[in-house]
Amino acid sequence: MIAKYKAVFNRLKRLNKDGTAPIVIEVYLNRKRRYFPTNISILPEQWDSKTNRVNRKHNEYQKVNSIISKNISLLEELEFVKFQTNGTFDLSDLDNFGETNNESFYEFMKSSLEKRNITEVSKIKHRRALRYLDEFKPNLKFNQLTYSLINSFDEYLHAKKYHQNTVHFLHKTIKTYINLAVRSELIPYDKNPYKNFKLKRVETTKEILTETEIEKIEKIQFTDSNENINKIRDMFLFSCYTGLRFSDLQVIKGSDFIHDGNTVYMSINQEKTDRPVDIPLHALFNGKALAVYEKYRPKNNSEHIFPKYTNQAANRLLKIIAISCGITIPLTFHVGRHTFGTLIAKFTGDQFLIQNLMGHADIKTSQVYIHLSKKHIEDKLKNVKW
């Protein structure tokens, strides 16, 4: 039986964000179908469903139709050669058609990343995942994306001693672009290398500070020659008082603060999630956050509140602060945020207030701080000699 070939537009009945959908070549034989990408996407009004070709509304319709016809001719030619050589032909004989998608997945991911509507912080993290993948397999091609390769990449990351949750994030990020390629029909659905690969994530303990430990950090003073460490100390305390991440502390400006009489609100969109939060500085922890703001308040509202530091440099200085205060847990700005959430839980017990102040998308994330606060209290009671 001879296979039947035709061009199909928008097979999955789903448009891309730019309103286009891909054209693929359908091959039908013995009640089975296989689809092969053309790497061409067009708008719905540019497709003629009667002729299964691109119409004149496309500026380069003749060139595009020529590419479609060429792909069909190459497939038909491959069928003829296989039949002449083996006496039989099956759709599996087309698996390596034209080294299907021997284009660079690295370039696809890089290009798609820059087009995505995500925060700059997320883009930085995605570029990091892209860099690790390129280090493992330089100039990775679509046709090299297999379960075996993903599994080897996983082993490569573990050999570098990365934390399991870091490995999970890198896989999750790359999988996002694999799925995008599948939706664009650059990778056949049944060839998705992550189809049978299980992503693993482990639960981590949220480290928090006690109120006594926060007081130690508030009281400690370093010499004028340690100007940077004093600034990092103030930034960290501001995180404990407001729940802001390090990425948010680095971008807040004078214009993000709203003054109304004796009240001062900080209104921002979080860098990581782009979710808005409104934080009443005057109403939190007896105005401690407000005092830090006034200390660093710029004369020009377009200027940033805090100086720029890399996360690594900030963590190095936080380590010195922890040692100086006799704090045993590793200090990070994550600890500051978790401490804020736990204290709000302790003082209010209101999960919805935690959600609003910390900008959580899911209330379950806020509920974690309620449980964390209760556990913290129970741990302290265990040490009491009644």
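## A buried cysteine

C240 counts as buried, because its relative accessibility is 1%. Buried means under 20% relative accessible area, exposed over 50%, and partly exposed in between, with a 1.4 Å probe and protein chains only. This is a predicted model, where local features need pLDDT of at least 70, side-chain atom pairs count only at pLDDT 80 or more, and totals for chains, interfaces and linings use all residues. Residues are numbered from 1 along each chain as its sequence is written, and side-chain values use heavy atoms, with hydrogens and water left out.

Which cysteine sulfur is closest to that of C240? It belongs to C325, and at 11 Å it is too far for a bond. C325 is also buried, at 7% relative accessibility. A search of the whole structure finds 0 disulfides. A disulfide is a pair of cysteine sulfur atoms within 2.5 Å.

## Q250 in its loop

Q250 sits in the loop between α8 (246-249) and β6 (257-260). Helices (H or I, at least four residues) and strands (E, at least two) are DSSP runs, numbered from the N terminus. Q250 is buried, with a relative accessible area of 7%.

What does Q250 touch, leaving aside its neighbours within four places in sequence? Its contacts are M235, H304, P307, K308 and Y309. Contact means heavy atoms within 4.5 Å. A polar atom of the Q250 side chain lies 2.7 Å from the backbone nitrogen of Y309.

## One cavity

The structure holds 1 cavity of 30 Å³ or more. On a 1 Å grid over the protein atoms alone, a cavity is a set of points where a 1.4 Å probe fits but cannot get out, and a pocket is an open set with protein on both sides within 12 Å along at least five of seven lines; lining residues have an atom within 4 Å of a point. Grid points are joined across faces, edges and corners, and a volume is the space filled by probe spheres set on the points.

The largest cavity contains about 40 Å³ of space. Its lining is N10, R11, L12, R14, P22, R183 and E185. These divide into 2 nonpolar, 1 polar and 4 charged residues. Ala, Val, Leu, Ile, Met, Phe, Trp, Tyr, Cys and Pro count as nonpolar, Asp, Glu, Lys and Arg as charged, and the others, Gly among them, as polar.

## The second largest pocket

The second largest pocket has a volume of about 810 Å³. α2 gives the largest share of its lining, 4 residues. Among the 24 lining residues, N16, F108, S112, L180 and S184 lie nearest the centre.

Definitions and conventions:
A polar contact is a pair of N or O atoms within 3.5 Å; within protein, one must be able to donate a hydrogen and the other to accept it, and residues adjacent in sequence count only if both atoms are side-chain atoms.
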